[in-house]
Amino acid sequence: DREILGWHVRFSDYDNKDTPNLRLKGHTASIHACAWSPDGSGIVSAGEDATVRVWDASERKCLHILRGHTGTVTACAYTPDGRLVLSAGEDRTVRIWSAQKGTSVACLHLPGAIHSLGLHPWLPRSVCGDAGGGYYRLAAMGIDPGAAIITAVEGKRGFQVPCPACRQEFTLEKEDLGREHTCPGRNCGRNWMINRRYVMKP
């Protein structure tokens with residue numbers, strides 16, 4: 001039906017579970033994929049109309065229509081820092097876009113029509129699969145990745161942040177939200193941007 005529908009599961013009234021909290025219209029053909037941005041502020045979608053669309057989730061509006069694919073776009077995702085969007089499609093390409101500017105950054109041509117796409121949680125690497133069962137591991141050379149965005153969990157002793165790399169949790173104060181922090185885990189030291197828009201509650 002060419003729409004993106006979303007439900008706020010935690011706070012939805014069970015009796016009204018069939019009523020979506022989010023409705024986005026714009027694609028002119030069936031939608032094949034969509035994904036949230038790491039900070040929860042945006043959504044990217046891909047469809048049979050050969051476009052990728054970047055949405056502001058809170059304003060319920062389309063920010064960018066990304067054109068370049070020549071066939072159905074089957075997969076899409078944000079990079080862990082939220083700055084870039086990747087898309088893949090039946091035209092045998094994986095494309096990288098600026099999520100903020102809506103401009104093309106890079107295009108990689110592959111042997112087969114791409115049907116799936118996945119990104120590493122913090123490194124500039126991805127994997128995709130084609131229609132024939134083949135898969136490709138990709139590295140974004142020359143693109144400097146920013147600090148991956150992670151979301152804190154609010155607890156009785158502050159805000160708990162799980163490090164995706166070493167799995168150790170560390171505690172932050174409220175004023176630390178929205179800032180970049182280095183994991184204190186032994187032999188880790190990776191930098192993370194703490195989500196300032198949303199906090200998870202146990």
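Me: Going by the definition, two strands pair if DSSP finds at least two bridges between them. In β6, which residue is the bridge partner of V54?
Reply: H64 is the bridge partner of V54. Keep in mind that this is a predicted model.

Me: How many bridges are there between β5 and β6?
Reply: Six bridges, and the two strands pair in the antiparallel sense. β5 covers residues 51-56, and β6 covers residues 61-67.

Me: And what sits between them?
Reply: Four residues, with β5 and β6 forming a hairpin.

Me: What kinds of residues make up the lining?
Reply: Nine are nonpolar, seven polar and five charged.

Me: Back to strands. What's the order in the open sheet of four?
Reply: The order is β7-β8-β9-β10, with antiparallel pairing. The twist from one strand to the next averages 15°.

Me: Why is one side of β7 and of β10 left without a neighbour?
Reply: Because β7 (73-78) and β10 (104-109) stand at the edges of the sheet, and each has a single partner strand.

Me: What about β8 and β9, how many bridges there?
Reply: Five, joining residues 84-89 of β8 to residues 93-98 of β9 in the antiparallel sense. L84, for one, has S98 in β9 as its bridge partner.

Key. Residues numbered from 1 in each chain as written. Predicted model: local features only at pLDDT ≥ 70, side-chain atom pairs only at ≥ 80, totals over all residues. Heavy atoms only, no water. Nonpolar A, V, L, I, M, F, W, Y, C, P; charged D, E, K, R; others polar. Axes fitted to C-alpha atoms, helices over the stretch in contact; angles between N-to-C directions.
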